[in-house]
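Student: Can you walk me through this one? Keep it quick.
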Amino acid sequence: MADVVLKSLTKKYGNHVVVDHLNLAIKEGEFVTLLGPSGCGKTTLLRMIAGLEKVDGGEIVIGGKRYTALPAQKRNLAMVFQSYALFPHMSIRNNIIFGLRLKRIAPIKIEQKLTWIVNMLHLKGLEDRLPKQVSGGQRQRVALARALVLDPDVLLLDEPLSNLDAALRETAIEELKNIHRKVGKTIIYVTHNQIEAMTMSERIALLNNGIIEQYETPKQLYDHPATMFTAEFIGSPPMNFFTGEISIEGRTAGVKTSIGFLRLNKDRSRRIISMAGRKVTVGIRPHNIYYVEHVAQRRYTDANIELVIELVENMGDRSLIVGKSSGGTLVRFMVTREEEFLPGRTMHVFIDGRSLHLFDPLLKLNIFGQDGTI
Amino acid sequence: MSTLNNQVMAVTFEKCRNGVLKVWPLLPAILYLVGFQIIVLVYLLLLSFSSPHGNGAVPSLSSYSLILSDRQFREALFNTTLFTIVGTPLELLAGLVFAALLYRSFMLRNVIRSLFLIPLALPALVTAMLIYVLFDYPGGHVNHFLLGNYPPFPGVIAEPICWRASPFTALLLSLIGKVWRDTPISMLIILAGLNSIDPELLDAAKSMGASLRQRFFRIIVPLIIPSISVVVLLRSVEMWKEFIFPFVLAGRYPFLGTLIDFYYNETGNPHHAAAVAVIMVICIVGTTLVLYKLLDLLKRYAVHP
């Protein structure tokens with residue numbers, strides 16, 4: 001168990017900078033996810049921590065010890081690879097105890113550890129099989145067992161669930177959370193799947209082009225995106241963005257956009273009233289746009305927008321609707337009603353003024369800062 | 001009744017035609033097998049089991065008993081066995097070393113890999129002659145080098161060595177030539193095996209604390225056992241069959257490959273030549289069986305160390 005500190009970490013492939021002066025501090029026992037689109041440098045970063053990639057600049061400090069130049073085999077870390085990387089010529093048992101044997105641990109102790117991990121990860125009875133003789137989910141658990149049994153300071157997981165089907169992934173997520181609770185290890189988890197990141201991690205470092213866009217708890221990341229990239233990346237279906245201008249109507253400030261005037265809630269309205277005339281980008285999550293039949297149910301701050309339905313996507317319990325405003329702007333939003341929505345129909349939706357995210361269109365930053373929105 | 005007969009005949013005819021149609025694409029292969037393998041093999045066996053001195057009755061073991069009592073044959077068998085036992089591991093080792101060197105990517109890797117294939121492109125006779133010239137007596141380059149005629153290298157011998165004068169050095173020269181020529185084949189096979197290993201396996205082993213040596217012996221070697229098997233089996237067969245290098249470099253010393261030529265061309269006895277050939281085949285089959293057993297043990301050891 002140890003904390004991890006990355007100081008100004010840099011990795012270059014030729015002239016291409018993959019990880020760019022990155023700083024990150026992970027507390028002891030914390031479950032942190034490195035989240036980002038493919039090619040953002042998250043796997044490279046993880047491999048640098050593991051010692052599998054050369055560091056071109058900066059420092060890695062784990063548990064107060066400098067790890068930067070330490071070869072991988074001398075770091076007390078364990079990694080689970082995306083392909084699991086189980087040794088195909090060894091039985092499950094030998095795969096799991098491979099690292100223990102290298103450490104010259106007494107055979108009795110190895111047996112104890114094997115029994116413990118095999119029971120914890122439900123691998124009993126599979127010990128003598130070869131990796132190719134067990135299922136994908138079992139292989140994933142063997143990879144995890146092989147890492148956990150080494151009792152590493154930090155557990156590194158590189159997209160370990162990406163090869164599982166949806167149902168198995170759900171169980172595996174539960175299992176990983178349980179394991180983290182039980183063993184309390186520092187875990188660094190790499191994924192491009194935001195649902196895995198949101199459900200499992202205590203903090204998420206959102207990476208983009210080798211830099212950290214935002215490093216926060218999942219809730220904070222979702223509710224208060226600090227940058228436009230975060231706002232775009234987190235949340236599914238993705239956020240709507242409209243360009244507009246801060247203006248004042250009546251006694252409150254809002255944003256004048258192509259779909260109409262979007263009024264902010266009173267508190268934040270006061271904070272932007274001095275910015276009248278400034279160009280902004282407004283972000284609204286699809287589920288913050290409501291279809292409400294009864295006008296009486298809406299609040300004063302709700303903006304009323306008329307849309308023509310372009311597309312209806314059935315998602316089971318809900319439907320995603322893409323509507324077109326009179327100005328030609330497309331708006332994505334969710335409906336839960338069982339009533340049928342057909343393309344071509346006109347409907348009125350309301351936008352909750354508390355759920356607007358305002359970004360500077362040039363800096364791509366939240367103009368309220370991180371404490372912003374609600 | 002006649003219509004029924006007609007029908008039966010039609011069906012039979014259809015069956016025959018189908019049968020012929022199914023078989024005829026295989027015909028060239030069958031002809032080849034019979035013409036170039038089976039007939040030759042049967043003729044060889046008949047030849048070896050018939051005697052030119054007796055009444056011509058088959059079978060006769062006179063050829064076998066004669067060559068088995070021939071000192072030249074016994075020495076040839078011993079020399080060739082030694083040649084195979086030393087040469088096969090040597091080729092495997094050289095292949096492993098060069099494959100390991102060429103495994104990692106570096107500048108001009110592909111060019112260098114192509115250069116390594118040059119021995120394959122040279123006819124074996126040319127290679128043998130090159131070795132002949134290099135180790136010639138008294139004026140070969142190796143002798144000049146050892147005598148100190150190429151400064152700044154100091155001389156280590158006073159008199160030139162006649163390499164081909166003793167059976168040991170002459171066969172050593174043949175072995176050097178053979179290994180030099182055939183190493184690229186083992187290298188290519190092992191390189192293919194190395195390239196098929198998922199690099200993440202080595203990363204995983206590294207992150208679990210395995211040193212370079214442990215990664216080599218516990219991960220790489222077990223995973224290239226199939227390639228090693230191919231190299232060892234193929235190369236050992238080639239070692240038994242070797243002719244050109246001993247013929248050029250150790251022509252007067254007994255060796256199975258050259259002995260066949262000697263019996264056939266010099267003493268004009270095809271029966272003896274055939275008997276030697278049959279014994280050579282038996283040696284090859286025996287070696288293959290032993291190697292299978294050994295490789296099987298190795299494989300089992302790799303899975304349960």
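Tutor: First, a term: two residues are in contact if their C-beta atoms, placed from the backbone, lie within 7 Å. In chain A, residues 24 or more positions apart account for 65% of the contacts with a separation of 6 or more. This is a predicted model: local features need pLDDT of at least 70, side-chain atom pairs count only at pLDDT 80 or more, and totals for chains, interfaces and linings use all residues. Residues are numbered from 1 along each chain as its sequence is written, while chains are lettered from A and ligands numbered from 1 in the order in which they are written.

Student: What does the secondary structure of chain A come to?
Tutor: Nine helices and 20 strands. Those are DSSP runs, numbered from the N terminus: helices are H or I with at least four residues, strands E with at least two.

Student: What does its C-alpha trace span along the principal axes?
Tutor: About 80 × 45 × 35 Å for chain A.

Student: Which residues have the most contacts inside the largest nonpolar core?
Tutor: A145(A), A147(A), L156(A), I188(A) and A205(A), in a core of 119 residues. Helix α4 (residues 136-148) of chain A gives the most to this core, six residues. A nonpolar core is a set of buried Ala, Val, Leu, Ile, Met, Phe, Trp, Tyr and Cys residues joined through C-beta atoms within 7 Å. Buried means 20 or more other C-beta atoms within 10 Å of the residue's own, again placed from the backbone.

Student: What is I188(A) in contact with, leaving aside neighbours within four places in sequence?
Tutor: Its partners include V4(A), I26(A), V154(A) and L156(A).

Student: Switching topic: how many residues of chain A are in contact with chain B?
Tutor: 18, against 17 residues of chain B. On chain A, β6 (77-80) and α2 (92-102) each give two or more residues to that side.

Note on methods. A residue is buried if 20 or more other C-beta atoms lie within 10 Å of its own, exposed if 12 or fewer, and partly exposed in between; C-beta atoms are placed from the backbone.
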